[in-house]
Amino acid sequence: MAARIIEQLIEIPAEHERNIFGQFDEHIKKIERTLQVTLISRDGVLKIVGPAPNVQKAESIIRELLGLSVRGNTIQSQNVDYALSLTMEEKEASLVEMDKDCICHTINGRPVKPKTLGQKAYVDKIREDMIVFGVGPAGTGKTYLAMAMAITAFRNDEVGRIILTRPAIEAGEKLGFLPGDLQSKVDPYLRPLYDALYQIMGPESFAKNMEKGLIEVAPLAYMRGRTLDNAFIILDEAQNTTPAQMKMFLTRIGFGSKVIITGDSSQKDLPSGQKSGLEMALQVLKKVEGISICQLTSKDVVRHPLVQKIVQAYEAYEKKHPEKPAPQKNQRRRGNSYEY
């Protein structure tokens with residue numbers, strides 16, 4: 001039996017109409033195509049026509065977008081796509097409520113907020129727990145949100161310093177080809193962390209706190225032998241740690257500290273056959289109280305919409321073509337060469 005066709009009217013203030021409709025009405029057209037409804041705007045009133053269940057979904061999405069617009073947001077395709085996906089999955093979630101959770105502002109005044117349910121859960125866990133693993137594909141905001149939380153905690157005197165670290169997996173012979181001293185050689189591996197600090201904190205404030213030793217950006221190897229008290233510590237690209245490195249890092253944590261460990265298991269740069277310290281830690285620590293594991297997915301990607309499609313395409317391919325472990329070769333030393 002076909003669903004009953006109904007009409008629903010929503011008042012859209014003139015100052016928000018263009019924002020909600022999008023350039024060339026792209027947002028409205030997307031809602032029409034996805035939900036199989038017709039949207040007609042006239043004299044500040046939007047009429048929704050279609051099957052009853054779809055009209056209700058469309059009304060819910062329009063009201064969410066109106067709420068975001070009223071709060072001063074520029075509606076983007078990403079907002080519409082995410083609102084549609086939540087509605088299609090029949091999830092009870094409010095984009096407006098998520099939008100109220102402002103972590104901090106960049107130096108340009110742009111608010112840093114969680115934009116998906118996964119990101120909101122991630123931020124909430126960082127507030128609640130001492131150690132949080134943020135695991136997921138590129139573009140899900142794992143590092144950026146952790147940096148925003150670290151800087152906010154530092155500004156609020158909740159911690160005395162910020163420590164940012166990454167495993168520099170090329171820290172062997174290949175670094176020797178780069179010019180400069182050791183710091184110059186490892187800086188390229190830490191550049192993404194610097195970029196986030198510059199955006200949120202500003203170069204001058206960053207440089208000042210760096211000189212005082214209140215902000216430290218260093219390769220993971222520099223953590224060995226230290227006890228890190230009263231600090232907000234972020235280990236980025238943790239999929240490139242070995243199990244020994246991860247254990248070393250986790251046992252550095254002192255009193256009054258908070259630790260965020262981010263990584264993407266699909267982008268390991270470790271030698272073939274080497275087990276990731278991140279993967280082992282997720283197995284070993286999954287039931288330990290005070291440690292949270294937040295699994296972000298392609299639905300939490302907040303970069304260009306094409307990035308989300310790329311991540312999904314790779315996920316689909318890897319499910320169909322799982323990587324086979326490389327066969328172990330038996331080798332025997334003979335003179336100055338090896339026999340296999």
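Buried means under 20% relative accessible area and exposed over 50%, with partly exposed in between (1.4 Å probe, protein chains only). This is a predicted model: local features need pLDDT of at least 70, side-chain atom pairs count only at pLDDT 80 or more, and totals for chains, interfaces and linings use all residues. Residues are numbered from 1 along each chain as its sequence is written, and side-chain values use heavy atoms, without hydrogens and water.

**View 1. The chain has 12 helices and 13 strands.** Helices (H or I, at least four residues) and strands (E, at least two) are DSSP runs, numbered from the N terminus. Of the 340 residues, 44% are buried. Take the contacts (heavy atoms within 4.5 Å) between residues at least 6 apart in sequence: 70% join residues at least 24 apart.

**View 2. Val-217 lies in strand S8 (residues 215–219).** Val-217 counts as buried because its relative accessibility is 5%. Ile-162 is 55 residues away from Val-217 in sequence. In space, the two are 8.4 Å apart, C-alpha to C-alpha.

**View 3. Helix H11 (residues 277–284) has buried residues Gly-277, Leu-278, Ala-281 and Leu-282.** They line one face of the helix, because they fall within an arc of 135 degrees seen down the axis of H11. The arc is that of the directions from the helix axis to the C-beta atoms. Gln-283 and Val-284 are exposed, on the face turned away from the buried side of H11. Cover for the buried residues includes strand S6 (131–135), helix H10 (243–250), strand S10 (258–263) and strand S11 (291–295).

**View 4. Ser-276 caps the N-terminal end of H11.** A side-chain oxygen of Ser-276 lies 3.1 Å from the backbone nitrogen of Leu-278.

Key
Polar contact = N/O pair within 3.5 Å; in protein donor to acceptor, adjacent residues only side chain to side chain.
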